[in-house]
Amino acid sequence: MVKVRTRFAPSPTGFAHVGNIRTALFSFLVARHTGGEFILRLEDTDKNREVVGADDYILDAVKNLGIVYDEGPDIGGPFAPYRQSERLDVYKKWADKLVATGRAYADPYTPEQVKSFRVEATRNKHAFLYRNHRPDNPPAWDGTRPLRFKSDPKNYAWHDEVMGDLHAGEEAIDDFIIIKSDGYPTYNFAHIVDDAEMEITHVIRGQEFVSSMPNYLNLYEALEISRPIFATMPHILNETGNKKLGKRDDAKDVMEYFKEGFLQEAMVNFIASMGWNDGTEQEIFSVDELVAKFSLDRVGRSGARFDEKRLIWMNGQWIKRLNLDDLYERAQDFWGTSGREASDDEKKKVLAIIQDRLKVLADLPALSEYLFERPQPNWTMVDSNKQLVKLNRDEQIKLLETTAAKLEMTDWTEEKIQISLNELLEQTGQKPPVLFGLIRFALTWAIFSPGLPETMALLGREETLARLKIATAG
């Protein structure tokens, strides 16, 4: 059997967005599931759109997601180089083959002339096809003019591993540029040549390329190249699911998610779930599980909605799965001012009680600063609480004084603190959301905090009573 070889071939024209990364991940999973090889190639032939440093940035994004490639621009491989800008002699060789067989010609027209052809087609209510203006005696190709593929229009049918059986008529085929006047190849030509030279067996890419498939198939035939297996990924849709996710929908660079404290495992899990499932109710998958279960026939044909709330939930699930030492290491860059100054032991104790409530690591300061440094009272938080606003300030302070008196007589363990809190409910006749909510504010002045027994145990008796005293001062 032929070894499966997949590739991810981004253009260094900007940040690594979710759509690109999903293509990389699915290509990686197909290769690993079959024991094949995954290649990373940079398609950097559009020099006008290239962004300085974007190539390294894309490589970093892939590596941060744990997507390991077997061949690439920074590690080499048997088909190097893996940057298209360093493969111009390869494209020249294949272009010369087309010229020699009469399947490519130098474009003799100026941009203005081509524009006039388009205007004429629009005026006559016809679709513009360059091949209708194909020159009878084109000049010899000397590299100063664009080189166009001489198409052979025909009907095509092909199979897509995701989209199923597709077809298109000859009207979808035209003469397109394969080498630009600057000597660089176009994507339409270069990717087919590179895939053939690098022995790529599966071409996995976005839905936007479906309309170009008839032209690609025509070129495969002209170059006498066997078709690879095609798999088209449906669009990733915005939060409302009514259009393709774009920058206007606040689509973010994948690296931004890491800066906000999303875990590698959660990002991979989430991206894999956009458009793919294993047919079960399982939602949390490790990379090993994804590799074992992934198959293209489980990728849906319809667009997958980008749901950031689900990503946040999934990240929280992965944080819960970390052992304390691992969480401590990953949290290093996310502590607040007081947290950074605390000892390793103090930080680990804090992480132990907030881990279950931590959704993203960037929330660490909000969930922990009050445990390292005494916060200032903020009674507006109490006054905006639907339960506590039913009590006036004197009633609130009386409850806190009663709490302090009870806790002064309590043995300082989580178990004994919980018992005292339960007895306070009976003593005061209050419901847990009222009494415990008020105590929580008095101790933390935070929107979210761990359970009261854990918080009090970590703060210690002296600090707990001191904070209650400050709160009762109004």
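Tutor: In this predicted model, the largest pocket has a volume of about 1,100 Å³, where a pocket is an open set of points on a 1 Å grid over the protein atoms alone, with protein on both sides within 12 Å along at least five of seven lines. Grid points are joined across faces, edges and corners, and the volume is the space filled by probe spheres set on them.

Student: Which residues are closest to its centre?
Tutor: Of the 40 residues lining that pocket (an atom within 4 Å of a point), the closest to the centre are Ser 11, His 17, Asn 20, Glu 208 and Phe 209. Residues are numbered from 1 along each chain as its sequence is written; side-chain values use heavy atoms, without hydrogens and water. Local features need pLDDT of at least 70 and side-chain atom pairs 80 or more, while totals for chains, interfaces and linings use all residues.

Student: What classes make up the lining of the largest pocket?
Tutor: That lining has 15 nonpolar, 14 polar and eleven charged residues, with Asp, Glu, Lys and Arg counted as charged, Ala, Val, Leu, Ile, Met, Phe, Trp, Tyr, Cys and Pro as nonpolar, and the others, Gly among them, as polar.

Student: Switching topic, how many cavities of 30 Å³ or more are there?
Tutor: The whole structure has two, a cavity being a set of points where a 1.4 Å probe fits but cannot get out. The largest holds about 60 Å³ of space, and its lining includes Trp 158, Arg 205 and Phe 209.

Student: And what lines the second largest cavity?
Tutor: Its lining is Arg 374, Pro 375, Pro 377, Ala 442, Trp 445, Arg 467 and Ile 470, divided into five nonpolar, no polar and two charged residues.
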